[in-house]
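Keep the viewer open as you read.

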Amino acid sequence: MAEVITMLALSPTMEEGTLVEWLKSEGDSVEEGELIAEIETDKATMEMESFHDGVLLKLIAKKGDALVVGAPLAVVGKKGEDISDLLAGLGQKGSSAPAQEAKPETKAVEEQAPKAEAKPEKAAPKPESDDSDRIKASPVARKMAKEKGLDLATLEGSGPHGRIIMKDVEEAGAPSQSRVAQGAADSSSNMVALSQMRKTIARRLVEVWNDTPHFYLTADIDMAKAMAQRAEINAQLKAAGSEVKISVNDLIVKASAVALRNYPKMNVAFRGDSIEQYDDVHVGVAVAIPDGLITPVIRDADQKTLSQVATEIRELASRAKDKRLKPHEYTGSTFSISNLGMYQIDEFSAIINPPEAAILACGSVRQTPVVEDGEIVVGTRMKITLSCDHRAVDGAVGAEFLMELRRLLENPILLLV
């Protein structure tokens, strides 16, 4: 008996998917568990497998179709099986009807429509005199009009007895508001269809922004020791022949994970009538990809070494950009980090990734004047901003977490023990 293959929910938040590619054609045999299509979800492009054995009798969906979860994709059955009733129930036809040729209605209309006779344009009346000296205008207005290439005869004076003054020339030389607005409306543009990821980002961020009360805490971290230790670690790794290289972001991820372990009041989620405090520390790391962003998760980040954290972030980020992450690799984070320091952004605030209670936004590490022992010296600083869900944490809780995070980053040797 023929079976209908439907669009599956391939991610926890997927409501709609786009068919990227069929991996099989009509008439091909398929086995249960065999890959048949690539589907773009709200998080990644994933391979979809068949749950039935048989022959692909009909491909209902086409490449590029956006379909809700549960929508029919194809029919699998026995070779030669009559599926016309099944397709009729799905609102499909067994074979494509030949397209009707478009009638040349346009030509008929053109033949019936009377041709407009071209009328010779009426010549504009010439001024009786080209002598601009006879036009009433101030000397400054004459000079400005000459510099701007404006004909005084075309201007209307607002001065006494219609005299053209400086303001009239200035206004004549500037584009009017209506012209500017018209110009904007006439400019060319392209409408780019939203990807499944961009649709989800747009929908969820509006929900979070409207439903989650955010507050923000910003701190300045002395990164001098962290940068020096990072350089020393990378030098030793290189000398040992390792390809691992520790980045500033790796230090922040590791320090945040240890801070969450030491201060678990921040490792929580608001659950309506309760607050869930997690036993594990799973850190989501925001990665920019062409369609938007995704947060691969470093699980048990507090228990991993710096080099393990660095290696895992590189590997997950690489596959995230190819949309090859699996659902368990981008779900389940208990805290997230967004770092725009590599773009030379000094500081910013990020929107919480629900159901987490907080997200850390990191700016660039920069040299800046600081006051130490009453003197201005060059310091190495980084601004971080913690966005908190006020339903789950209070200001003092967030501030104490930042104090712990600062202690770790300003004493980076603690991240190695």
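With which residue does the side chain of Lys63 meet in a salt bridge? The partner is Glu21, with an N to O distance of 3.3 Å. Please keep in mind that you are looking at a predicted model. The two residues sit 42 residues apart: Lys63 lies in the loop between strand 6 (54-59) and strand 7, while Glu21 belongs to strand 2. Lys63 is exposed because its relative accessibility is 57%, over the 50% limit. Glu21, at 31%, is partly exposed.

Look now at strand 2 (residues 16-22) and strand 4 (residues 35-40): they run antiparallel and are joined by four bridges. Within that pairing, Thr18 has Glu40 of strand 4 as its bridge partner.

Now step back to the whole chain. Its secondary structure comes to 11 helices and 18 strands, and 39% of its 417 residues are buried. Of the contacts between residues at least 6 apart in sequence, 61% join residues at least 24 apart. The accessible surface is about 24900 Å², and carbon and sulfur atoms account for 52% of that area.

Back to charged pairs: the count comes to 18 salt bridges. One of them joins Arg366 and Asp220, whose closest N and O atoms are 3.7 Å apart. Here too the pair links distant parts of the chain, with Arg366 in strand 17 and Asp220 in strand 9 (residues 214-222), 146 residues apart. Arg366 counts as buried because its relative accessibility of 19% falls under the 20% limit, whereas Asp220, at 30%, is partly exposed.

Another salt bridge brings together the side chains of Asp302 and Arg261, at 2.8 Å from N to O. Asp302 is in the loop between strand 15 and helix 9, Arg261 is in helix 8 (residues 248-262), and 41 residues separate them. Asp302 is buried at 13% relative accessibility, while Arg261 is partly exposed at 38%.

Asp300, in the loop between strand 15 (297-298) and helix 9 (306-321), has a positive phi of about 50 degrees although it is not a glycine. Asp300 is partly exposed, at 27%. Lys323 also has a positive phi, about 60 degrees, without being a glycine. You will find Lys323 in the loop between helix 9 and helix 10 (327-330), buried at 16%. Further along, a cis peptide bond with omega of about 5 degrees joins Pro354 and Pro355; Pro355 is placed in the loop between strand 16 (335-339) and strand 17 (358-372).

Finally, a word on cysteines. Cys362 is buried at 0% relative accessibility, and Cys388 is likewise buried at 0%. A search of the whole structure finds zero disulfides.

How values were computed. Residues numbered from 1 in each chain as written. Predicted model: local features only at pLDDT ≥ 70, side-chain atom pairs only at ≥ 80, totals over all residues. Heavy atoms only, no water. Disulfide = S-S within 2.5 Å. Buried < 20%, exposed > 50% of the residue type's maximum accessible area, 1.4 Å probe, protein only. Pairing = 2+ DSSP bridges. Contact = heavy atoms within 4.5 Å. Areas by Shrake-Rupley, 256 points an atom, 1.4 Å probe, with all protein chains shown as cover. Salt bridge = Lys/Arg side-chain N within 4 Å of Asp/Glu carboxyl O.
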